[in-house]
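Trainee: I am new to this structure. Can we go through it step by step?

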Amino acid sequence: MVNNPPSTSALQALFGGTFDPIHYGHLRPVEALAAEVGLDRVTLLPNHVPPHRRQPEANPQQRLKMVELAITGNPLFTVDDRELHRTTPSYTIETLEAVREERDMMPPLAFIIGQDSLLTLHKWHRWQSLLDLCHLLILARPGYHDRLDTPELQQWLERHRVTDAMLLSQQPHGYIYLADTPELEISATEIRQRRHQGLNCDDLLPRSVQCYIELQGLYR
C-alpha cells in the first residue's frame with residue numbers, strides 16, 4: 001500500500017479515449033463517478049494513436065472538436081490535447097509521468113478506465129508502474145466480470161483495492177476503486193454503424209456533437 005503522507009488537495013482525474021465519437025456512454029458514467037468519489041475535475045485526453053485498438057475514423061482535429069462540443073457548459077470537464085500532438089502510440093504511463101512533472105507528486109490524481117480495460121490492464125505498456133503515479137477508478141461496464149485472469153493479478157487488485165472513496169483524496173496515488181456507475185449500452189462502434197446505415201443517433205450523444213458529425217460528413 002501507499003505510504004505517502006496524506007494530501008489535502010482536491011482529487012482530480014484523467015480519462016483517456018479515442019472518442020470516435022464521444023458519447024453519453026463516456027460522459028454520464030463519469031459524471032456519476034464524480035458524484036460518488038468527490039471528483040473536482042475530470043480532464044479528457046483524446047488519444048492520437050491508440051496502441052491496442054483500430055485507428056479512428058475521424059481525424060485528431062475532428063475528435064478534439066467533438067470533445068470540446070460535448071463538454072461545453074459542464075464545469076466538471078476540461079480537455080487536454082497533448083496526446084493528439086504525438087506521432088507515436090499514446091501510452092498512458094508516459095502521459096501520467098508528464099502530468100506528474102507538471103503538477104508534482106503530492107496532489108491526489110486518478111486515471112479512469114472501464115471494467116473492460118481493467119481485465120486487460122496487464123497488457124498495457126509498463127502497467128505495473130501506473131499506481132506509482134495515480135489511483136485507478138474503474139467504471140462498471142455491462143457484461144464484464146470483476147475478476148482478473150490469474151490468481152497473481154487478482155491478488156494485485158485486492159492488495160490495492162479500496163472501498164472507501166474518502167481514501168482517494170488522502171493519498172496521491174496507489175489505490176484502485178471499483179465504482180458503482182451506470183452501465184450504459186452505448187458504444188462508438190454502434191454509433192458509427194448507425195451512421196453508416198443512415199440512422200439517427202441523437203439518443204446516444206449530445207446534439208451538438210451530432211450536428212458536427214452531420215456538418216463534417218463523418219461515419220458515412
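Trainee: Which residue in E2 stands opposite glycine 17?

Mentor: This is a predicted model. E1 covers residues 12-17, and E2 covers residues 41-46. The residue in E2 opposite glycine 17 is proline 46.

Trainee: Over how many bridges do E1 and E2 pair?

Mentor: Strands of a sheet pair through backbone hydrogen bonds, either parallel or antiparallel. E1 and E2 pair in the parallel sense. The count of bridges between E1 and E2 is 6.

Trainee: What is the order of the strands in the open sheet?

Mentor: The sheet is open and holds 6 strands. Their pairing is parallel. The order is E3-E2-E1-E4-E5-E6.

Trainee: Which strands stand at the edges?

Mentor: Look for strands with a single partner strand. One side of each is left without a neighbour in the sheet, because each has just that single partner. These are strand E3 (77-79) and strand E6 (176-178).

Trainee: By how much are neighbouring strands turned against each other on average?

Mentor: Direction is ignored for this value.

Trainee: What angle does the direction of H1 make with that of E5?

Mentor: H1 (24-37) packs on the sheet. H1 touches E1, E2, E3, E4, E5 and E6. Its direction and that of E5 (135-139) make an angle of about 125°.

Trainee: How many residues of E4 are buried?

Mentor: On one side, Leu109, Phe111 and Ile113 are buried. On the other, Ala110, Ile112 and Gly114 are buried. E4 is largely enclosed by the rest of the structure, because the buried count is 6 of the 6.

Trainee: Which residue in E4 is the bridge partner of alanine 13?

Mentor: E1 and E4 pair in the parallel sense over 4 bridges. In E4, the bridge partner of alanine 13 is alanine 110.

Trainee: And which residue in E5 is the bridge partner of isoleucine 113?

Mentor: E4 and E5 run parallel, joined by 5 bridges. In E5, the partner of isoleucine 113 is isoleucine 138.

Trainee: Is aspartate 20 buried or exposed?

Mentor: Aspartate 20 sits in the loop between E1 and H1. Its relative accessibility is 5%. Buried means under 20%, so aspartate 20 counts as buried.

Trainee: Which backbone nitrogen lies 2.7 Å from a polar atom of the side chain of aspartate 20?

Mentor: Aspartate 20 is in contact with several residues beyond its sequence neighbours, among them Pro56, Glu57, Ala58 and Arg63. Its side chain reaches the backbone nitrogen of alanine 58 at 3.1 Å. The backbone nitrogen at 2.7 Å belongs to glutamate 57.

Note on methods:
Residues are numbered from 1 along each chain as its sequence is written. This is a predicted model: local features need pLDDT of at least 70, side-chain atom pairs count only at pLDDT 80 or more; totals for chains, interfaces and linings use all residues. Side-chain values use heavy atoms; hydrogens and water are left out. Helices (H or I, at least four residues) and strands (E, at least two) are DSSP runs, numbered from the N terminus. Buried means under 20% relative accessible area, exposed over 50%, partly exposed in between (1.4 Å probe, protein chains only). A polar contact is a pair of N or O atoms within 3.5 Å; within protein, one must be able to donate a hydrogen and the other to accept it, and residues adjacent in sequence count only if both atoms are side-chain atoms. Contact means heavy atoms within 4.5 Å. Two strands pair if DSSP finds at least two bridges between them. Axes are lines fitted to C-alpha atoms, for helices over the stretch in contact, and angles run from 0 to 180 degrees between N-to-C directions. Lists of a residue's contacts leave out its neighbours within four places in sequence.
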